[in-house]
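The following exercises are to be worked through with the sequence and the model at hand. Each task is followed by a solution in steps.

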Amino acid sequence: MILNIVLLVVGLVLILKGADFLTDGASGLARRFRISPLVIGLTIVAFGTSAPELTVSMVSSFHGSAGMAIGNVVGSNLFNTLMIVGVTSLVAPIVVTKGTLSKEIPLCILSCLVLLVCANDVVLGAGPVNMLSRADGLLLLCFFAIFLSYTFAIARPSENGEAETPDALLPLWRCLVYIVGGLAALVLGGQWFVDASTGIARSLGVSDAVIGLTLVAMGTSLPELATSVVAALKKNPEMAVGNVIGSNLFNVFFVLGASATVAPLPLGGIGNFDLCYLLGACVLLFFAGAYYRERTITRPEGGLLVVAYLVYTGYLIYQL
């Protein structure tokens with residue numbers, strides 16, 4: 001128990017420092033090449049902070065634990081959309097760009113719809129059991145390729161504003177060291193945090209089902225939470241939103257796509273309620289950015305997102 005508590009604290013410290021370094025390195029890289037912070041958030045930051053989800057889901061797929069692989073992604077995306085955006089906007093209201101509202105968030109909604117269709121074999125008469133087949137996995141990977149093509153298309157140098165002087169820019173080598181070091185600290189800290197919290201929960205008699213749906217999903221999303229909050233505090237709201245959206249798309253299209261391609265994934269305990277709740281969360285995120293105060297996710301809206309996640313978590317615990 002004592003060792004787990006120590007690992008829990010050390011893991012949390014690594015997560016916080018890693019997020020700090022990653023944000024500095026990524027924003028420095030964006031300024032140096034005059035690339036939008038949103039693009040950096042959608043790619044480098046999002047893919048890096050999703051490394052824990054990729055690791056957990058791929059290992060679970062190899063070991064035949066399909067429920068953990070799918071549950072990890074669905075739970076992490078719910079945590080990203082509701083808790084991370086909610087907490088980040090409570091720290092500092094998030095201004096959402098017009099492109100994010102009209103393109104990136106709808107892409108997230110599309111990913112939920114694609115997952116919902118692929119996961120309903122019984123309803124669609126495609127099989128006796130709901131599962132993500134290898135064909136579904138390849139389809140998801142094709143969507144991931146389209147998403148990457150779109151991201152590279154918008155990753156052109158910004159034409160707004162004056163170029164910064166060389167002295168004001170972070171050296172390229174330091175940007176890369178910060179990004180690589182920050183990602184390493186996030187992944188290692190996230191792994192230690194998950195292992196320690198799982199060990200503590202089991203010692204207290206909490207079931208594996210509750211651990212998988214809550215602690216593992218939340219733990220693998222800690223890098224996104226830390227990075228988004230730090231980005232908001234450092235006045236990089238575009239990176240915070242891009243991180244969440246990019247992570248969600250990476251999780252569904254690449255993590256589940258790759259995992260299902262390795263081995264078909266029966267949905268098990270993951271049902272339409274969970275998938276529809278994820279879809280509803282993305283729709284709620286769209287309306288939070290579009291209304292009340294135009295293209296700004298305010299603190300009251302952030303509080304609503306957090307409450308929506310707590311309601312879902314409470315429902316899961318009640319059902320067990």
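**Exercise 1.** Locate Arg-295 and classify its accessibility.

*Solution.* Arg-295 sits in the loop between helix 11 (272-290) and strand 4 (296-297); helices (H or I, at least four residues) and strands (E, at least two) are DSSP runs numbered from the N terminus. The model is predicted: local features need pLDDT of at least 70, side-chain atom pairs count only at pLDDT 80 or more, and totals for chains, interfaces and linings use all residues. Residues are numbered from 1 along each chain as its sequence is written, and side-chain values use heavy atoms, with hydrogens and water left out. Next, Arg-295 counts as partly exposed because its relative accessibility is 29%; buried means under 20% relative accessible area, exposed over 50%, and partly exposed in between (1.4 Å probe, protein chains only).

**Exercise 2.** Determine which class of residue lines the largest cavity.

*Solution.* The lining comprises Val-85, Val-96, Ile-105, Val-241, Val-244, Ile-245, Leu-285 and Ile-297. By class, eight are nonpolar, with no polar and no charged residues. Helix 10 (residues 237-262) gives the most to this lining, with three residues.

How values were computed: 1 Å grid on protein atoms, 1.4 Å probe; cavity = no way out; pocket = protein on both sides within 12 Å on 5 of 7 lines; lining within 4 Å. Nonpolar A, V, L, I, M, F, W, Y, C, P; charged D, E, K, R; others polar.
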